Amino acid sequence: MLSLIAALLAAYAPPLVTHLHCSPSPLVLVDGNNLRGSTVFALSQQDLALSISRWAEAHALPCVVVMDHGEAQRAWPIGRYAALTLAGPGQSADDVLVRDTWWALKEGRDVAVFTADQGLTSRVRRQKSAGSVQVVPSLALACLLAPEKVGLPAARGGGGEKTAQRAEAAGRLGLWLDSAEGPTAELAAPILSDYLRWLLGAPVGPSDPAVPSPSMKRRLRRKRHMKPFFKPLPAAAGGAAGAAAAVAEAREEFESGTRSD
């Protein structure tokens with residue numbers, strides 16, 4: 001079944017890339033470990049970084065892949081059109097993706113987030129009122145990056161990956177990116193250069209932007225157009241007696257209006 005799904009998604013690849021290019025200013029954000037999970041972690045963190053770099057270069061799509069763990073929040077360019085961010089302690093990759101989506105929207109970018117995480121999907125989609133946000137299943141990108149890793153018996157039998165294993169792998173990934181063996185290139189996408197500079201002072205920790213959801217915005221619009229049921233009482237003169245007279249007058253006006261209806 002997974003092999004069939006992989007074949008169907010591979011056939012979907014050209015329209016997907018064309019769709020991403022329909023935007024004049026796209027930015028692709030990738031939930032790295034979630035994508036690796038779609039291959040049952042048969043794709044290592046280093047392999048994912050190299051695959052993302054090649055794919056982004058081939059299609060000239062600026063792309064940021066975000067991974068959990070690492071000694072500190074930090075990002076590296078991994079190609080002319082790609083960067084990789086380690087979330088560091090104190091926050092998850094989901095927190096980083098939510099924050100980075102908000103930053104990209106404020107920069108006027110149309111954002112596509114590759115993830116199958118329902119919680120992250122919900123958090124990202126809340127920002128639709130600020131700009132264009134799309135969520136695409138991780139499996140779709142996995143089939144483009146490494147179709148041989150999707151749906152294979154070896155991958156399905158690989159089992160899960162423990163948090164400690166991912167943390168250790170993230171440490172090795174950071175050392176590899178710092179070394180001469182890591183991928184290096186001069187960035188061709190200005191948005192990635194802006195992102196790397198911004199990340200140096202970016203906030204750390206879960207902090208979803210206070211953006212009203214589309215349904216909340218509709219409720220607020222309806223509320224603004226509702227007329228008050230009672231007219232506000234004018235300031236009463238004459239103390240308590242004047243206030244009682246104002247209340248009686250308002251009640252009589254309301255009851256006469258009800259009878260006329």
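Guide: Happy to, and bear in mind that this is a predicted model. Let's begin where Leu48, Ser51, Ile52 and Trp55 of α4 meet Leu141, Leu144 and Leu145 of α7.

Visitor: What classes of residue make up that contact of α4 with α7?

Guide: By class, the contact has six nonpolar residues, one polar residue and no charged ones.

Visitor: And at what angle do α4 and α7 pack?

Guide: The angle is about 80°, and the axes of α4 and α7 (residues 138–145) are 10 Å apart. Angles of 65 to 115 degrees count as roughly perpendicular, so α4 is roughly perpendicular to α7.

Visitor: How do α4 and α9 cross?

Guide: The axes of α4 (residues 45–59) and α9 (residues 163–178) come within 9 Å and cross at roughly 50°. The two helices are therefore oblique to each other.

Visitor: Which residues make that contact?

Guide: From α4 there are Gln45, Gln46, Ala49 and Leu50. On the α9 side you'll find Arg166, Ala169, Ala170, Arg172, Leu173 and Trp176. By class, this contact of α4 with α9 has six nonpolar, two polar and two charged residues.

Visitor: Switching to the sheet: what's the strand order?

Guide: The sheet is open, with six strands in the order β3-β4-β2-β1-β5-β6 and mixed pairing.

Visitor: Which strands stand at the edges?

Guide: Those are β3 and β6 (133–136). Each has a single partner strand, so one side of each is left without a neighbour in the sheet. On average, neighbouring strands are turned by 15° against each other, direction ignored.

Visitor: In what sense do β5 and β6 pair?

Guide: Strand β5 (residues 110–114) pairs with β6 in the parallel sense, over four bridges. Ala112 stands opposite Gln134 in β6.

Visitor: Which strands does helix α5 touch?

Guide: Helix α5 (residues 93–106) packs on the sheet and touches β1, β2, β3, β4, β5 and β6. The direction of α5 makes about 175° with that of β1 (26–31).

Terms used:
Residues are numbered from 1 along each chain as its sequence is written. This is a predicted model: local features need pLDDT of at least 70, side-chain atom pairs count only at pLDDT 80 or more; totals for chains, interfaces and linings use all residues. Side-chain values use heavy atoms; hydrogens and water are left out. Axes are lines fitted to C-alpha atoms, for helices over the stretch in contact, and angles run from 0 to 180 degrees between N-to-C directions. Angles under 35 degrees count as roughly parallel, over 145 as roughly antiparallel, 65 to 115 as roughly perpendicular and the rest as oblique. Contact means heavy atoms within 4.5 Å. Ala, Val, Leu, Ile, Met, Phe, Trp, Tyr, Cys and Pro count as nonpolar, Asp, Glu, Lys and Arg as charged, and the others, Gly among them, as polar. Two strands pair if DSSP finds at least two bridges between them.
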